[in-house]
Amino acid sequence: MIYGGYDPGPSNVVIIKSEEGFKSEFSKVKDGSLPAIFYFTAVWCGPCRLISPIIGQLSQKYPHVTTYKIDIDEEDLGKTLSELNITSVPTFHFFQNGKRAAEVVGADVERLKSTMEKLY
């Protein structure tokens, strides 16, 4: 398994690169009650690189759940990150029926998998 260039194949991981993009997708999830995961990450984060292939696999296993990948180092995301109280990466926010149903902080593969099984 190659972590740096790992390609999980087709998946529904959407990369968000701006505050405007985040707000647009976030309102879709909340208003449409769409099942989703917001995955906060950083390029320099070792645990994030370790968990990235797992996210790819889970997005294939749960194709009806959209995973939004947000790099915390993007220029204009600071305000959003502080509003959401994102203080460490990786952090995962799970949404079900338009509301945040769970949060997993850290690269805890088992907790991530069990949370997804429980919710989706």
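In what order do the elements of the chain run from the N terminus on?

View 1. The elements run β-α-β-α-β-α-β-β-α. That gives 4 helices and 5 strands. Helices (H or I, at least four residues) and strands (E, at least two) are DSSP runs, numbered from the N terminus. The radius of gyration is 13 Å, close to the 14 Å that the globule rule gives for 120 residues, so the chain is as compact as a globular protein of that length. This radius is taken over C-alpha atoms, and the globule rule is 2.2 Å times the number of residues to the power 0.38. Along the principal axes, the C-alpha atoms fill a box of roughly 35 × 30 × 25 Å. The model is predicted: local features need pLDDT of at least 70, side-chain atom pairs count only at pLDDT 80 or more, and totals for chains, interfaces and linings use all residues. Residues are numbered from 1 along each chain as its sequence is written, and side-chain values use heavy atoms, with hydrogens and water left out.

**View 2. Strand β3 and its partners.** Strand β1 (residues 13–16) runs parallel to β3, joined to it by 4 bridges. β2 and β3 also pair in the parallel sense, over 6 bridges. The chain crosses from β2 through α2 to β3, and this β-α-β crossover is right-handed. Right-handed here means that, with the strands pointing away from the viewer, the path from the first strand over the helix to the second runs clockwise. Two strands pair if DSSP finds at least two bridges between them. I70 in β3 stands opposite I16. I70 also stands opposite F40.

**View 3. The largest nonpolar core.** This core has 32 residues, of which F22, F38, F40, I70, F92 and F94 touch the most other members. Elements that give two or more residues to it are α1 (19–32), β2 (36–41), α2 (46–61), β3 (66–71), β4 (91–96) and α4 (109–119). A nonpolar core is a set of buried Ala, Val, Leu, Ile, Met, Phe, Trp, Tyr and Cys residues joined through side-chain atoms within 4.5 Å. Buried means under 20% relative accessible area, exposed over 50%, and partly exposed in between (1.4 Å probe, protein chains only). Of the 120 residues of the chain, 40% count as buried.

View 4. Not counting residues up to four places away in sequence, I70 touches I16, F22, F38, Y39, F40, T41 and L77. Contact means heavy atoms within 4.5 Å. T80 lies in helix α3 (residues 78–83). T80 counts as buried because its relative accessibility is 4%. Beyond four places in sequence, T80 touches E19 and F22. Across the chain, residues 24 or more positions apart account for 70% of the contacts with a separation of 6 or more.

**View 5. The disulfide of C45 and C48.** Which residue does a disulfide join to C45? The partner is C48, with S to S at 2.4 Å. The count comes to 1 disulfide, by the rule of a pair of cysteine sulfur atoms within 2.5 Å. The link of C45 and C48 is right-handed, with 80° about the S-S bond. C45 counts as buried because its relative accessibility is 4%. C48 is buried too, at 1%.

**View 6. P63 in its loop.** P63 sits in the loop between α2 and β3. Is P63 buried or exposed? P63 is exposed, because its relative accessible area is 58%. The C-alpha atoms of P63 and G32 are separated by 17 Å, and these residues are 31 residues apart along the chain.
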